[in-house]
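User: I am new to this structure. Could you walk me through how to read its features?
Analyst: Gladly. Have the sequence and the model in view.

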Amino acid sequence: MPEQITISAETWELLKTPSTATLTTVLAKKGLWNTFLTGVQPLAAGQRMAGRAFTLRYIPSREDLDTSLNFDNLTDPQRLAIEKVGPGEILVIDARGDERGGTMGAILATRMQVRGAAGVVTDGAFRDSPVIAQCGMPAYARSAHAATNKTIHHPCDFQLPIACAGVAVYPGDVLIGDDEGVVVIPPHLAEEVAREAAAQEHREDFILDKIRSGASLVGTYPMDERTQAEYEQTLRDQ
């Protein structure tokens, strides 16, 4: 498992600005193409999520172990994980893309929120999703399902590498979420990606303004020498 890398407050601030689309482009330029959690959507619009991954893995449930619906807070990996997620961390749940039962509900989400969690993400479903959506903590899932997790999921372990929506997620990875979805950033690249993405976002805002004003794509996107010079003058003026 990768060593935990400290990320500066400045880097976290920079990561709050670029869209996940911009971040995935910057990561692709560095050779990381599979970083966006396909199909995972925010429960509530207008929120921005940023934090470190705390992972939880589910395997398929089995009738002799899970249909009693007993939840032992002292041994159940899901409950143990909820009580360990700390400030600035995001619980990332590997549900194998199976949406036939909720991976957690509003009471557990509220417990995490009180503990300072920065969000929760699953490639499965949430139950009590309307309540979770209104609690103020960013939450991302494929869908909603009213059934309890042990209907289809067995919590197996936590704080180990997982797959979520087809993307590798290691404990401590950086997750950024917006209205489009969630992107995973290796922590050793966080500062570099944050600076490059912030610069790209600023450049693309300039390009978008020109396109809105009627400029052709030719010479604008990508910028030719003339448009590049205009952009650099804008930077100097600002």
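User: Which residue stands opposite V121 in β4?
Analyst: V92 stands opposite V121. Keep in mind that this is a predicted model.

User: How do I read the two faces of a strand?
Analyst: Start with the general idea. In a regular strand, side chains alternate between the two faces of the sheet. Now take β4, residues 119-122. G119 and V121 lie on one side. V120 and T122 lie on the other. All four are buried, so both faces of β4 are covered, buried being under 20% relative accessible area.

User: Which residues of β11 point one way, and which the other way?
Analyst: β11 covers residues 174-177. V174 and I176 point one way, L175 and G177 the other way. All of them are buried.

User: Which strands does β11 pair with, and how do they run?
Analyst: β2, residues 49-60, is joined to β11 by four bridges, and the pair runs antiparallel. Within that pairing, M49 has G177 as its bridge partner. β12, residues 182-185, is also joined to β11 by four bridges, again antiparallel. There, L175 is partnered with V184.

User: What sits between β11 and β12?
Analyst: Four residues separate the strands of this hairpin. G181 takes a positive phi there, near 155 degrees.

User: Which residues other than glycine have a positive phi?
Analyst: D128 is one of them, with phi near 55 degrees. D128 sits in the loop between β5 (125-126) and α6 (129-134). A165 is another, also with phi near 55 degrees. A165 falls in the loop between β9 (162-164) and β10 (167-169).

User: Where is the cis peptide bond?
Analyst: Look at Y221 and P222. The bond joining them is cis, with omega about 5 degrees. P222 is placed in the loop between α7 (190-212) and α8 (225-237).

User: How do I read the surroundings of a loop residue?
Analyst: A95 is in the loop between β3 and α5. Its relative accessible area is 0%, which means A95 is buried. Beyond its neighbours within four places in sequence, A95 contacts Y58, T103, T122, D123, G124 and H153. A95 and D123 are 28 residues apart in sequence, yet 5.7 Å apart in space, C-alpha to C-alpha.

User: Why does K150 count as buried?
Analyst: K150 counts as buried because its relative accessibility is 8%, and the cut-off is under 20%. K150 lies in the loop between β7 (143-144) and β8 (153-158). Leaving out residues up to four places away in sequence, K150 touches S61, D66, L69, N70, F71, D76 and P155.

User: How is empty space found?
Analyst: Rolling a probe the size of a water molecule over the atoms shows where empty space is left. Here, the second largest pocket holds about 160 Å³ of space.

User: What lines the second largest pocket?
Analyst: The lining is F71, Q78, R79, M104, G105, A106, I107, L108, R127, D128, T148 and N149. By class, five are nonpolar, four polar and three charged. α4 (77-82) and α5 (106-114) each supply at least two lining residues. α5 gives the most, with three.

User: What does the protein chain come to as a whole?
Analyst: The protein chain has eight helices and twelve strands. Its C-alpha trace spans about 70 × 35 × 30 Å along the principal axes. Of its 238 residues, 46% count as buried. The chain exposes about 11800 Å², and carbon and sulfur atoms supply 53% of that area. Among contacts with a separation of 6 or more, 75% are between residues 24 or more positions apart.

Terms used
Residues are numbered from 1 along each chain as its sequence is written. This is a predicted model: local features need pLDDT of at least 70, side-chain atom pairs count only at pLDDT 80 or more; totals for chains, interfaces and linings use all residues. Side-chain values use heavy atoms; hydrogens and water are left out. On a 1 Å grid over the protein atoms alone, a cavity is a set of points where a 1.4 Å probe fits but cannot get out, and a pocket is an open set with protein on both sides within 12 Å along at least five of seven lines; lining residues have an atom within 4 Å of a point. Grid points are joined across faces, edges and corners, and a volume is the space filled by probe spheres set on the points. Ala, Val, Leu, Ile, Met, Phe, Trp, Tyr, Cys and Pro count as nonpolar, Asp, Glu, Lys and Arg as charged, and the others, Gly among them, as polar. Buried means under 20% relative accessible area, exposed over 50%, partly exposed in between (1.4 Å probe, protein chains only). Contact means heavy atoms within 4.5 Å. Accessible areas come from the Shrake-Rupley method with a 1.4 Å probe; for residues, only the protein chains shown count as cover. Two strands pair if DSSP finds at least two bridges between them.
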